[in-house]
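Take a look at the sequence and the model below.

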Amino acid sequence: MNVTATSILITLLATTVRSGTILLFPTIGEIFAERAGILNLGIEGMIIIGAFFGFVVSYTTQNPYLGFVVGMLAGGIASLIHAFISITLRGNQVVSGLALTIFGLGITSFYGQKWINNKLPESIHAVAIPGLSKIPFIGPVFFKQDYIVYFSYILVLVMWLILYKTKPGIHLRAAGQNARAADAMGVNVNATRYFWTFFGGLMAGAGGAYLTVAYATFWLEGITAGRGWIAVALVIFAMWNPVNALIGAYLFGGIDALQFQLQASGTTIPSSLLSMQPYLLTFIIIIIATLIVRARHLGAPKELGTPYAREEK
Amino acid sequence: MDEIIVQAKGITKYFPGVLANNHIDFELKKGEIHTLLGENGAGKSTLMNILDGIYHPDEGEIYIKGKKVHIQNPFDAMANSIGMIHQHFMLVDTLTVLENVALGLKSQGLYIDKKEISKQIETISKKYHFNINPYSKIWQLSVGEQQRVEIIKTLFRKAEILILDEPTAVLTPQESEDLFKILNQLLKEGKSIIFISHKLDEVMEISDRITVLRKGKVVGTVHKKDVTKGYLAKMMVGREVLFSLERKPLKRRGEVLKVKELEAYNDKGFKALKKISFSVFGGEIFGIAGISGNGQKILAQTITGLRRATRGKTILNDADITNASPKVIANKGVNYIPPDRLKVGLIPNLDTTENAILRSYDREPITKRNFIDHQKAAEYAKSLIRKFNIMVPRIDAPVKLLSGGNMQKLLLAREIAERPKLLIAVHPTRGLDVGATEFIRKQLLKERDNGLAVLLISEDLDEILMVSDRIGVIYEGQIMKVINIEDAERNKIGLLMAGVNSPKN
Ligand SMILES: Nc1ncnc2c1ncn2[C@@H]1O[C@H](COP(=O)(O)OP(=O)(O)O)[C@@H](O)[C@H]1O
Ligand SMILES: [Mg+2]
């Protein structure tokens, strides 16, 4: 391979990691919410809320890190609506989640009008990690990124540890698998579910904020372009495992990055066909994942979407 | 010995439409095994769930070792050294034994000290000869082993007061004996036990004292040594109970069902029926005896069209019904009491009326010109309720709120009302109380006297011996032998059930 081809590939893969990070956060968040028993189809809405607040705060304060944190919190707060409806009111989680998505898309479209086509004066920049970034090929792809990407690496590891090695991990798995048993063992099922739904919101907000403060650095109505739905599919693809989520997110990120690169290089394929790819792939991946899940008897958490009430028969 | 460790005073608990506990007084002495006896729906589990903090009483007080306590949740119960083994196990089946034990522990930090917990589990396991591997997943364990995990969970939390809610309902007789040995060992160590059951023989075997509940009220508390089985039965049911049933002489009619070299596969893809052949005649009850998992369920499903036969034939009154649709088979006169009433027989969240018309909803008089006549449907349901004396909280309450016995009565009523030619009943009395069991068996005999052909599949050998006219013993998907009831001997059947004897000689 000649030098330019290698450097194009490196750029492509580095973009893949950043594009994948937008999906990685929400997927991790939804994995934990679902593991605790709460299905949140409001991811798309929470991502765009995170993206909007992230952008506005970065723009006005010129501090993209503050923007990221505020975007994350905005996603978290939005998720509490869903938590309240599905846990406290024991409402239908599908309906509530869809409503949250519509709400998020609507409110950001309304208040976002005047921000359209503004570009961030200050965005998040890459910081090479000394040493690691010098590893040929791997270095520039994974270790010449920004702090948020590094944060996501650590997050995957930490969340994996929490899920399988700690008490909160057992509690949340029990809450989603057999809430009655968890309750009988002294686990506060509803508090557990609130917490992880909120965590899911934070993560969706983080994904959205990353999109506007680091990846795109501008605001556009509907800028999330259905990434929330891809995250929902990725949860199944990942079989509710945070490490698999990383693989899935980068896979989709790769398609996104490739499509940009192709468009930039002036291909003759119509761009609308190109941007259809992720959704086609979503279908294919879901079919494959479902087949694997069935063959290995690794279903969704048993009580996913089922509200819990102690005295109900 | 006479120290009172648990005292419940005037416990009252309402559920929507039912008074589950009505001013109940109950006490447990240290070191005793105190049985709560009562039919299904008497309120036993409700009272125990109150002690365990799962339910909160509407009235009443609880004292532990003389001190008044408010048990808000299971964690409080544990803090008061109460440990409960629930009727439906409280285990997360995708987690390991160790993780289930660690669930809800407050004494530790964020991390689970797997080594330490597994060491303690193994100590307990060794002490009581449990033989449980802390790293097994729950779903890999047998029901008996799962129950031992439940016991480990309570002992791990240093429970002094153990509540076992119908622990023997899911065990084989041999496993029950093992459990009783464990309970006796626990008593010797100074623990106190509340044992729940409605099986009189085992109650007489294991209890020190017995408190009988009926319809949410205490009938009385007695010492075992002062009472007999018959006396307890009368306390529990409120009237004399027969331990055997009267049967009219057999009046056999023509052949109704002929099963010819039938074969079918189970869900795992193994051949579960191997060229099975037998016949059932009108006016007789043909009992199929066998140990669970020898093809009984598959047989019933294949005859009723719920599973494909890969070979052989089922013939109903000379008509071939092999692999016809379940609906066609039902319309030809085969009705079915499935083994799992809440999964196959009834729809838990629909009400009594809707469940009652599941067979007849699409024809006159319930449907007229493509619309359901709700008044007619309700009348129909009420007629079944009256005829079979079914107790429902409200006619429009979801059927899952009925007691097991009343669900089964409803199911039987619906199927018999179809005037079938053949009735297939699988475990028709499993999990039912004395009264309901007797009722169901009497109904089966009554239909037999009316000329119906009954195929009874049951793992309860006593039941088979009590009502059948002929008994076919099933083993690994084949009928070992068909025996007339006059020639039936328990031991011989037991051996056939274990596969001793060459097939069909
Ligand atoms: N969570 C609940 N909601 C509504 N009704 C209930 C509930 N739990 C029990 N019941 C009703 O209370 C009565 C007593 O039930 P239970 O205590 O389970 O009886 P037992 O354990 O003696 O069989 C029954 O009529 C039952 O249907
Ligand atoms: Mg009970």
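Between chain A and chain B, about 2,500 Å² of area is buried, and carbon and sulfur atoms give 59% of it. Keep in mind that this is a predicted model. Why quote an area at all? The size of an interface is often given as the accessible area lost when the parts come together.

**The interface**

Chain A brings 24 residues to the contact, and chain B brings 36 residues. Three residues of chain A stand out: Lys167(A), Met185(A) and Glu311(A) supply 28% of the area that chain A buries against chain B.

Which elements of chain A give two or more residues to the side that touches chain B? They are helix H6 (147–165), helix H7 (167–177) and helix H8 (179–184) of chain A. H7(A) gives the most, with seven residues. Sorted by class, this side of chain A has 10 nonpolar, five polar and nine charged residues.

Charged partners also meet across the interface. The rule finds two salt bridges between chain A and chain B. One of them joins Asp93(B) to Lys302(A), with the closest N and O atoms 2.8 Å apart.

**The ligand site**

Ligand 1 is surrounded by residues from chains A and B, so the site is shared between chains. There are 15 residues around ligand 1. Those that come nearest are Glu311(A), Gly41(B), Lys44(B), Ser45(B) and Thr46(B).

| Residue | Atom of the residue | Atom of ligand 1 | Distance |
|---|---|---|---|
| Gly43(B) | backbone N or O | oxygen | 2.9 Å |
| Thr46(B) | polar side-chain atom | oxygen | 2.5 Å |
| Tyr55(B) | side-chain N or O | nitrogen | 3.2 Å |

**A loop residue in chain B**

Now turn to Thr228(B). This residue lies in the loop between strand E10 (217–223) and helix H8 (229–237) of chain B. Is Thr228(B) buried, partly exposed or exposed? Its relative accessibility is 48%, so Thr228(B) counts as partly exposed. The cut-off for exposed is over 50%.

The side chain of Thr228(B) has a polar atom 3.2 Å from the backbone nitrogen of Tyr231(B). Thr228(B) and Leu200(B) are 28 residues apart in sequence. In space, their C-alpha atoms are 9.4 Å apart.

Definitions and conventions: Residues numbered from 1 in each chain as written. Chains lettered and ligands numbered in written order. Predicted model: local features only at pLDDT ≥ 70, side-chain atom pairs only at ≥ 80, totals over all residues. Heavy atoms only, no water. Helix = DSSP H or I, 4+ residues; strand = E, 2+ residues; numbered from the N terminus. Buried < 20%, exposed > 50% of the residue type's maximum accessible area, 1.4 Å probe, protein only. Polar contact = N/O pair within 3.5 Å; in protein donor to acceptor, adjacent residues only side chain to side chain. Contact = heavy atoms within 4.5 Å. Buried area = accessible area lost by both parts, 1.4 Å probe. Salt bridge = Lys/Arg side-chain N within 4 Å of Asp/Glu carboxyl O. Nonpolar A, V, L, I, M, F, W, Y, C, P; charged D, E, K, R; others polar. Near = heavy atom within 4 Å.
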